[in-house]
Amino acid sequence: MRPGTAASRAALRRRSFEERLAARRNQAVEDAKFRARQAHGKLRRFVRIRFKKEEVVEALSLRRGDCNRCGECCEILFKCPFLKKHGDGTTTCGIYEDRPTQCRLFPLDRRDLNEVRGTCSFYFIEKPIKLERAS
Ligand code: SF4
Ligand code: SF4
């Protein structure tokens, strides 16, 4: 096919359409995976906080940093109706004093950070290795 002909232009258009379609499909797959991760994370935190308190205490002992009030954790799967957004990019919770334990303790571990697209300012250190005493 000679470049510049009607047939080559049509082929180019078709290819760019197919590429756009593929990009959109990939984006949809990535979004679906992200939302599945969020759903799984919500359930995991619920179970851990309710039934695995010791594990939660241990996990939180490895957490460092402070909340920057980005509010991303209040939009996991859906936007919480109590979330208030401000002009400077920060957010506040409309029921801060009474917010659920799951909100108070987010993030529990590194995996939770994968649900907020990199905006959370908390981070986690490695678990210290226990050295066995030589006998
Ligand atoms: S209750 Fe408050 S802290 Fe919890 S998700 Fe809603 S706005 Fe965020
Ligand atoms: S995502 Fe992290 S930094 Fe942002 S509001 Fe939630 S806990 Fe705070």
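How do the residues of the shell around ligand 2 divide into nonpolar, polar and charged? The legends below take up this question and then turn to other parts of the structure. This is a predicted model, in which local features need pLDDT of at least 70, side-chain atom pairs count only at pLDDT 80 or more, and totals for chains, interfaces and linings use all residues. Residues are numbered from 1 along each chain as its sequence is written, while chains are lettered from A and ligands numbered from 1 in the order in which they are written.

**View 1. The shell around ligand 2.** The shell divides into seven nonpolar, four polar and two charged residues, where Ala, Val, Leu, Ile, Met, Phe, Trp, Tyr, Cys and Pro count as nonpolar, Asp, Glu, Lys and Arg as charged, and the others, Gly among them, as polar. Of the 13 residues around ligand 2, those that come nearest are Cys67, Cys70, Glu72, Cys73 and Cys120; a residue is near a molecule if its C-beta atom, placed from the backbone, lies within 6 Å of it.

**View 2. The shell around ligand 1.** Ligand 1 is surrounded by Cys74, Cys80, Phe82, Leu83, Cys93, Ile95, Arg99, Pro100 and Cys103. By class, eight of these residues are nonpolar, none is polar and one is charged.

**View 3. The largest nonpolar core.** Eight residues make up this core, namely Ala59, Cys73, Cys74, Ile76, Phe106, Leu108, Leu113 and Val116; a nonpolar core is a set of buried Ala, Val, Leu, Ile, Met, Phe, Trp, Tyr and Cys residues joined through C-beta atoms within 7 Å. A residue is buried if 20 or more other C-beta atoms lie within 10 Å of its own, exposed if 12 or fewer, and partly exposed in between, with C-beta atoms placed from the backbone. The peptide bond from Phe106, a member of this core, to Pro107 is cis, with omega near -5°.

**View 4. Two arginines with positive phi.** Arg69 lies in the loop between strand S1 (63–64) and strand S2 (83–85), and its phi is near 60°, a positive value in a residue other than glycine; helices (H or I, at least four residues) and strands (E, at least two) are DSSP runs, numbered from the N terminus. Because it has 15 other C-beta atoms within 10 Å, Arg69 counts as partly exposed. Arg117, found in the loop between H4 and strand S4 (123–124), has a phi near 50°, again positive in a residue other than glycine, and with 11 C-beta neighbours inside 10 Å Arg117 counts as exposed.
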